[in-house]
Amino acid sequence: MKSSKTNITKVTTQVLREMKVHGEKIAMLTAYDYSTAKIVDQANIDVILVGDSAANVIAGHPTTLPITLDQMIYHGQSVVRAVKRALVVVDLPFGSYQGNSKEALCSAIRVMKETGADAVKLEGGEEIVESVQRILSAGIPVMGHLGLTPQSINKFGTYVVRATEKTEADKLLKDALLLQKIGCFGLVLEKIPAKLTAKVVKSLDIPVIGIGAGAAADGQVLVFHDMMGITQDFSPRFLRRYTNLNDVIGNVVRRYIDDVKTQDFPNNKEQY
Ligand code: KIV
């Protein structure tokens with residue numbers, strides 16, 4: 001790392017580009033609500049992703065497909081209210097951009113107007129290129145997402161590592177180059193072999209953020225609830241659990257219940 005962007009007051013897409021040039025890794029985390037976003041931003045995270053993984057970790061759905069544009073906007077608004085420094089990217093949800101570029105533009109405009117976020121993220125390559133181009137033509141920064149794209153889980157049928165075969169790996173590299181060419185400012189690569197990530201990173205000037213995509217990526221992203229150990233039923237090899245908030249919160253709740261039952265809470269100082 002040759003320079004550090006920790007002192008800057010607002011992360012922009014240009015700042016991320018400079019970080020790639022200078023070899024400074026980009027740290028990105030998801031957030032879906034005001035209080036969490038405030039903590040994450042004050043800790044100096046570079047990018048906050050209002051991910052459609054909210055469908056999983058907030059709403060409890062088995063896939064990301066059910067979350068709606070209105071729900072993503074609600075999460076985006078809550079996050080943006082808290083954030084001063086990080087670049088905020090909001091996922092366009094399943095069904096709000098595929099197959100109809102006019103609808104894609106309307107969805108992206110709603111996100112930008114109603115949340116105040118800095119950018120949107122869309123899953124896919126060549127198949128969604130018209131939608132991406134139309135959104136970019138309105139001056140909206142777009143981040144791509146290739147590899148394991150959870151909105152296509154019904155096509156894949158499984159959450160295993162993607163692009164292990166040459167044909168899929170070649171298509172991924174081609175899609176990455178295409179997304180860069182049409183103007184995406186960055187790219188997420190999910191659950192692909194580390195060697196392929198290294199090849200993509202070398203081939204692109206825009207920053208590549210990995211999740212389960214190895215160390216060569218220009219940055220890393222994790223889902224907040226997974227890395228904090230709030231979720232327990234999701235343990236892929238790439239996930240580093242930094243703490244076990246599930247235990248911490250459970251223990252505090254048990255102490256509180258005990259204090260209420262034993263009439264220890266509230267004490268004399270805790271009432272009027
Ligand atoms: O929705 C999400 O959290 C994501 C990350 C896994 C990259 O897209």
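This is a predicted model: local features need pLDDT of at least 70, side-chain atom pairs count only at pLDDT 80 or more; totals for chains, interfaces and linings use all residues.
Local features need pLDDT of at least 70, side-chain atom pairs count only at pLDDT 80 or more, and totals for chains, interfaces and linings use all residues. Residues are numbered from 1 along each chain as its sequence is written, and side-chain values use heavy atoms, with hydrogens and water left out.

Biologist: Which polar side-chain atom lies 2.5 Å from an oxygen atom of the ligand?

Modeller: A polar contact is a pair of N or O atoms within 3.5 Å; within protein, one must be able to donate a hydrogen and the other to accept it, and residues adjacent in sequence count only if both atoms are side-chain atoms. An N or O atom in the side chain of aspartate 52 is 3.0 Å from a ligand oxygen, and for lysine 121 the distance to a ligand oxygen is 2.9 Å. The 2.5 Å distance belongs to a polar side-chain atom of serine 53.

Biologist: How much of the accessible area of the ligand does the protein cover?

Modeller: Accessible areas come from the Shrake-Rupley method with a 1.4 Å probe; for residues, only the protein chains shown count as cover. On its own the ligand has 260 Å² of such area, and the protein covers 96%.

Biologist: What volume does the largest pocket have?

Modeller: On a 1 Å grid over the protein atoms alone, a pocket is an open set of points with protein on both sides within 12 Å along at least five of seven lines, and lining residues have an atom within 4 Å of a point. The ligand takes the space of the largest pocket; a molecule sits in a pocket if more than half of its atoms lie within 2 Å of its grid points. Grid points are joined across faces, edges and corners, and a volume is the space filled by probe spheres set on the points. For the largest pocket this is about 710 Å³.

Biologist: Which residues are the closest to the centre of the largest pocket?

Modeller: The lining of this pocket has 33 residues. The closest to the centre are Ser53, Asn56, Val223, Asp226 and Phe234.

Biologist: Which element gives the most to the lining of the second largest pocket?

Modeller: Helices (H or I, at least four residues) and strands (E, at least two) are DSSP runs, numbered from the N terminus. The second largest pocket has a volume of about 470 Å³, and β5 (142–147), α7 (153–156) and α8 (166–182) each supply at least two lining residues. With four residues, the element that gives the most is α8.

Biologist: Where is the peptide bond that is cis?

Modeller: Most peptide bonds are trans. Proline 266 lies in the segment after α11 (245–261). With omega near -5°, the cis bond runs from phenylalanine 265 to proline 266.

Biologist: What phi does asparagine 44 have?

Modeller: Asparagine 44 is in the loop between α2 (34–42) and β2 (47–50). Most residues other than glycine have a negative phi. Asparagine 44 is not a glycine, yet its phi is positive, about 80°.

Note on methods
On a 1 Å grid over the protein atoms alone, a cavity is a set of points where a 1.4 Å probe fits but cannot get out, and a pocket is an open set with protein on both sides within 12 Å along at least five of seven lines; lining residues have an atom within 4 Å of a point.
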